[in-house]
Every structure is written in C-alpha cells, then in structure tokens.
Amino acid sequence: MTEIATFSSVGFVRDQRPILRDISWVIDSSQRWVIVGPNGAGKTTLLSMLASLTYPTSGSVTILGETLGKTNVFELRPRV
C-alpha cells in the first residue's frame, strides 16, 4: 500500500471565515473516496489542496511524499 496524501490537522480560512477545521485524513492507493456535503462545506477547497493548487492556513498536507509549502508544486502537479 502506498500513501497518496496525508492531511494533518489541516485548517483553511478565507475572508476571515473558517472553511476547513482540524482535518486529519490519510489516503492510500488502494482506497477510493467520495466527498459529499452541502454547499460551502469545503469540498472544493479540499480537492484543491489535493491538486496542490491551494495551501492550508494551518496544519500540513503531504502529497506523494511532498509537503505543500516545502516543495516545488510545478514539479509535483504533473505527478498528481
């Protein structure tokens, strides 16, 4: 099993409004996930982080062994 992504205590704030709070999640290559929720729940923000397009306000996101904010996302994105 290969770890695809890890969210560790991730939070995201936009316009002083918390969108995501304390998200901890590990995605393994053998798993398939569905993200559901009402409008404004943070689904698109979560997926944007997985695509390395958005950075968390707090916590850390690791994708394919690379931590957002500590890696060149232009090299990471083609791998995603």
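1. Core. The largest nonpolar core has 16 residues, and Phe7, Met49 and Val61 touch the most other members. A nonpolar core here is a set of buried Ala, Val, Leu, Ile, Met, Phe, Trp, Tyr and Cys residues joined through side-chain atoms within 4.5 Å. Buried means under 20% relative accessible area, exposed over 50%, and partly exposed in between, with a 1.4 Å probe and protein chains only. At least two residues of this core come from each of β1, β2, α1, β3 and α2 (73–76). Helices (H or I, at least four residues) and strands (E, at least two) are DSSP runs, numbered from the N terminus.

2. Basis. This is a predicted model: local features need pLDDT of at least 70, side-chain atom pairs count only at pLDDT 80 or more, and totals for chains, interfaces and linings use all residues. Residues are numbered from 1 along each chain as its sequence is written, and side-chain values use heavy atoms, with hydrogens and water left out.

3. Sheet. The sheet is open and has 4 strands, in the order β2-β1-β3-β4, with antiparallel pairing. Its edge strands are β2 and β4 (66–67), each of which pairs on one side only. Two strands pair if DSSP finds at least two bridges between them. Strands of a sheet pair through backbone hydrogen bonds, either parallel or antiparallel.

4. Strand pairs. β1 and β2 are joined by 8 bridges in the antiparallel sense. In this pair, Ala5 is opposite Ile27 of β2. β1 also pairs with β3, antiparallel over 5 bridges. There, Phe7 faces Val61 of β3. β3 and β4 share 2 bridges, again in the antiparallel sense. Ile63 is the residue opposite Glu66 in β4.

5. Val61. Which residues does Val61 contact, leaving aside its neighbours within four places in sequence? They are Thr6, Phe7, Val10, Met49, Pro56, Glu66, Thr67 and Leu68. Contact means heavy atoms within 4.5 Å. Phe7 and Met49 are on this list, and these two join Val61 as the core members that touch the most others.

6. Helix α1. This helix spans residues 43–50, and its buried residues are Thr45, Leu46, Ser48, Met49 and Leu50. Their cover includes β1 (3–14), β2 (17–28) and β3 (58–63). Just after α1, Ser52 takes a positive phi of about 60 degrees.

7. Thr62. This residue lies in strand β3. Its C-alpha atom is separated by 9.6 Å from that of Met49, 13 residues apart along the chain. Leaving aside neighbours within four places in sequence, Thr62 is in contact with Ile4, Ala5, Thr6 and Thr67. The side chains of Thr62 and Thr67 make a polar contact (3.3 Å). A polar contact is a pair of N or O atoms within 3.5 Å; within protein, one must be able to donate a hydrogen and the other to accept it, and residues adjacent in sequence count only if both atoms are side-chain atoms.

8. Salt bridge. The count comes to 1 salt bridge, defined as a side-chain nitrogen of Lys or Arg within 4 Å of a carboxyl oxygen of Asp or Glu. Glu66 forms a salt bridge with Arg79, and their closest N and O atoms are 3.9 Å apart. Glu66 lies in strand β4 and Arg79 in the segment after α2, so the pair ties together parts that are 13 residues apart in sequence. Glu66 is partly exposed at 28% relative accessible area. Arg79 is partly exposed at 47%.

9. Asp28. Asp28 is buried yet has no salt bridge; Arg32, the nearest side chain of opposite charge, is 7.5 Å away. Lys and Arg count as positive and Asp and Glu as negative, while His and the chain ends are not counted. What does the side chain of Asp28 make a polar contact with? The partner is the side chain of Ser30 (2.8 Å). Not counting residues up to four places away in sequence, Asp28 touches Met1, Thr2, Glu3 and Ile4.

10. Positive phi. Most residues other than glycine have a negative phi, and most peptide bonds are trans. Ser9 has a positive phi of about 50 degrees although it is not a glycine. Ser9 sits in strand β1 and is partly exposed at 40% relative accessibility. The hairpin of β1 and β2 has 2 residues between the strands, and Asp15 there takes a positive phi near 50 degrees. Gln16, in the loop between β1 and β2, has a positive phi near 60 degrees. Gln16 is exposed at 80% relative accessibility.
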